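Keep the viewer open while you read.

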Amino acid sequence: MISASYTVEYADSGRRLDQFLVEKAPALSRARLQDLIKAGHAQVNAGLNKPSYRLRAGDRVTLNEPAPVAVATEAQAIPLDILFEDEALLVINKSPSMVVHPAAGNWEGTLVNALLHHCQSLSGIGGERRPGIVHRLDKETSGCLVVAKHDAAHRSLARQFAGREITKIYLALCAGQFSAKSGVIEAPIARHPIHRKKMAVAGGTKGRSAKTAWRVLQELAIPGAEGLATLVECQLFTGRTHQIRVHLKHLGHPLLGDALYGKRGRFTRQMLHAWKLGFTHPTAGVHVAFTAPIPFDFTAAGISTPLPPPV
């Protein structure tokens with residue numbers, strides 16, 4: 001648990017409280033810090049505040065992360081595709097039909113339910129509903145996801161995610177064909193001003209910075225109404241909500257099967273796969289990398305293998 005206090009300097013005057021704490025406590029995600037602020041575990045001048053509170057020079061910020069609570073989520077014997085496991089962590093090849101953690105409408109059948117059955121222990125930093133969960137994938141996104149078995153591993157991995165030290169490479173099957181073979185898109189992302197379930201590229205100073213590098217791997221024709229398509233390798237340098245989906249939509253090439261940002265078509269899910277994941281092992285201190293096999297629905301769509309190695 002983290003217990004600390006900070007005095008706001010003039011240079012941080014005007015910053016949001018949650019943004020300030022992200023820098024001061026990089027082991028905790030912004031979402032986790034926002035939850036702590038709302039619950040009163042992070043305060044300004046010993047009073048309750050919102051994550052959006054704008055700090056003033058001289059403010060006294062206190063952060064007291066509570067002890068992990070006992071997990072009440074039910075353990076369920078759900079098969080897991082485990083790519084790697086040791087005493088500190090697991091790397092899972094998540095299926096495209098699995099929700100990561102329990103929430104409204106999905107209290108059972110989640111990855112957390114399966115992990116509680118498989119593991120003797122999981123980190124408690126994520127709270128009662130998210131034991132072991134360091135990062136998430138959308139329900140319909142398949143592929144590599146790392147899980148922490150104890151708090152020390154969780155803190156190490158969270159610091160690496162916050163510090164953008166994690167290698168995250170995805171496969172995306174997109175509509176249409178690109179005019180270039182590779183590129184980088186740096187465009188801030190914010191909540192859509194009208195459709196609140198969607199994110200969008202934001203203009204001006206709005207939104208949070210987001211950077212995605214992309215490279216064309218294959219061009220193909222999808223049977224039916226989808227027509228021409230492109231398999232793209234995407235590397236994330238930031239981790240914004242729906243980042244790849246929003247950036248590819250902004251480029252004019254939405255993911256096939258993405259009902260929110262494009263159209264479902266003949267596919268049963270958004271065609272996005274967390275292909276490769278690399279990080280420094282929390283206890284061994286060496287770099288490790290994992291690759292999730294290409295899903296059947298990608299090869300069924302006409303993707304040919306093996307794919308070229310990263311540049």
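A nonpolar core here means a set of buried Ala, Val, Leu, Ile, Met, Phe, Trp, Tyr and Cys residues joined through side-chain atoms within 4.5 Å. Keep in mind that this is a predicted model. With that said, here's what to look at.

**Core packing**

- The largest nonpolar core has 27 residues, and L111, L115, Y170, C234 and L248 are the ones with the most contacts inside it.
- Two or more residues each come from strand 5 (89-94), helix 3 (111-118), strand 6 (142-148), strand 7 (167-175), strand 11 (211-222), strand 12 (227-236), helix 5 (243-250) and strand 13 (272-280).
- There's also a second, separate core of 18 residues, with I2, V8, Y53 and L55 among them.

**Around C234**

- Skipping neighbours within four places in sequence, C234 is in contact with K168, I169, Y170, A172, T212, A213, W214, I244 and L248.

- Most residues other than glycine have a negative phi, and most peptide bonds are trans.
- N45 isn't a glycine, yet its phi is positive, at about 55°.
- You'll find N45 in the loop between strand 2 (42-44) and strand 3 (60-64), and N45 is partly exposed, at 42% relative accessible area.
- R164, also not a glycine, has a positive phi of about 60°; R164 sits in the loop between helix 4 (151-162) and strand 7.
- T305 and P306 are joined by a cis peptide bond, with omega about 0°, and P306 falls in the segment after helix 6 (296-300).

How values were computed: Residues numbered from 1 in each chain as written. Predicted model: local features only at pLDDT ≥ 70, side-chain atom pairs only at ≥ 80, totals over all residues. Heavy atoms only, no water. Buried < 20%, exposed > 50% of the residue type's maximum accessible area, 1.4 Å probe, protein only. Helix = DSSP H or I, 4+ residues; strand = E, 2+ residues; numbered from the N terminus. Contact = heavy atoms within 4.5 Å.
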